[in-house]
Amino acid sequence: MRRTALKGWILSMKLFDAHMHCFPQKLAARALAGMSKTAGVPYFGDGTIETTTASMNQWGVDKGLFLHIATKPGQMHNVNNFAASIQSDRIFCFGSVHPYDEDVDQEIDRIAELGLHGLKFHFDYQGLMVDDPKMDAIYRRLSAVGLPMTLHAGWDPYSPQLVHAPVDKIARIADRYPALTIIAAHLGGMKRYEQVLHLLAGRENVYLDTAMCAQYCPRDLFLQIVQKHGAQRVIFGSDCPWDTSDREAQYISDCGFDEETQRAIFHDNLAKLLKIEEKA
Ligand SMILES: [Zn+2]
C-alpha cells in the first residue's frame, strides 16, 4: 500500500532525469548487447530515443538529459551531431570529446554552437585517468566557456580492477578548477560512497547525480552524503537503460525528504544548472 501511495507522489512531481543514454538506431542493438556482455549487466528497452521517450512517458519523466561518449578517437564529430539531432523541448544532451583527438578545442566550441548543454567523460571507456595531464587543457577550456561536465565517478563494471576516476582525484580536480562545474555521476563515486562522504561532499562546484544509487548505495550513506553535500547540488539520474527511471526515482522518494527538497532533486536543480526556462 505504501509503495502505491509513493508512486502517486512521484507522478505528481516533475522528473528531469540527469543521466540517460541512447544510441543511433543502426548502432543501438549492437552497442547495448556488447556493453551488457562486457560489463555483465542487464539493460532495459532497446537503447533508441524513440523507445526511451515512450518509456519516459510511462515512467512520468518530463525531461531527460542524455549523455553521449566518444569512446574512441575519431568518433566525436558523429557523436555530437547525433546528440544535436535528437534535442527537443524535453530531450537535452551533453556531447563528448575524445582526449586523444587532435582538434579537441575546436570541438568544444562546436559543442557549444550545436546547442549541446555540456560534455560527458567516461575515463574507463576513454582509457585515461581523470587527472591525466591531457585533461588540463580541456578542464581550462570548459571553465572558460562555462560548459558543465558529467564524469563517470568511482567503480565501473567495464574496468573493475582500475578505477579511472577515483573520488580523491575528482576532489583535487574540483579544487584545482574552481570555475569548472563537475557533475560527478553515481553520487560522486559508484561503490565508493564512504570516500564521497569524507573526501568530496560539500564542494561548491560539484553536483552529484543519483544514477544507480537504487542498485548500489546503502540508504544511510545516501542520506549522510546528501546532508553534507547539500540537496541543492544533488540531481536525480537513473543511468537508463542500465536501470529504469521509475525504480531510481522510487529510491529517492522513499528517503523521506520534504516536498521542496524532492522538487529540487527531481527537477529544479538540474533545470537551473542548465538554465532551462519553463514555458508558461
Ligand atoms: Zn551512464
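Helices (H or I, at least four residues) and strands (E, at least two) are DSSP runs, numbered from the N terminus. The model is a predicted one, where local features need pLDDT of at least 70 and side-chain atom pairs count only at pLDDT 80 or more, while totals for chains, interfaces and linings use all residues. Residues are numbered from 1 along each chain as its sequence is written, and side-chain values use heavy atoms, with hydrogens and water left out.

So which residues of α7 are buried? In this helix, residues 134–145, they are M135, I138, Y139, L142 and S143, where buried means under 20% relative accessible area, exposed over 50% and partly exposed in between (1.4 Å probe, protein chains only). These residues sit on the same side of α7 because they cover an arc of only 135° around the axis, taken from the directions from the helix axis to the C-beta atoms. R140 and A144 are exposed, on the face turned away from the buried side. After α7 comes G146, with a positive phi near 75°.

Now for the rings. Searching the whole structure turns up nine aromatic pairs. Rings of Phe, Tyr and Trp (its six-membered ring) pair if their centres lie within 6.5 Å; planes under 30 degrees apart count as stacked, over 60 as edge-to-face and the rest as tilted. One of the pairs is F16 with F92, which is tilted because the planes are at 45°, with the centres 5.5 Å apart. F16 belongs to strand β1 (residues 15–20) and F92 to strand β3 (residues 91–94), so the pair ties together parts 76 residues apart in sequence. Both F16 and F92 are buried. F121 is buried, at 0% relative accessibility, and F123 is buried with a relative accessible area of 0%. Elsewhere, ring pairs join F222, Y251 and F257 in a cluster.

Finally, the sheet. Five strands form an open sheet in the order β4-β5-β6-β7-β8, with parallel pairing; two strands pair if DSSP finds at least two bridges between them. The edges are β4 and β8 (234–235), each pairing on one side only. Strand β7 (residues 206–209) pairs with β8 in the parallel sense over two bridges, and L208 has V234 in β8 as its bridge partner.
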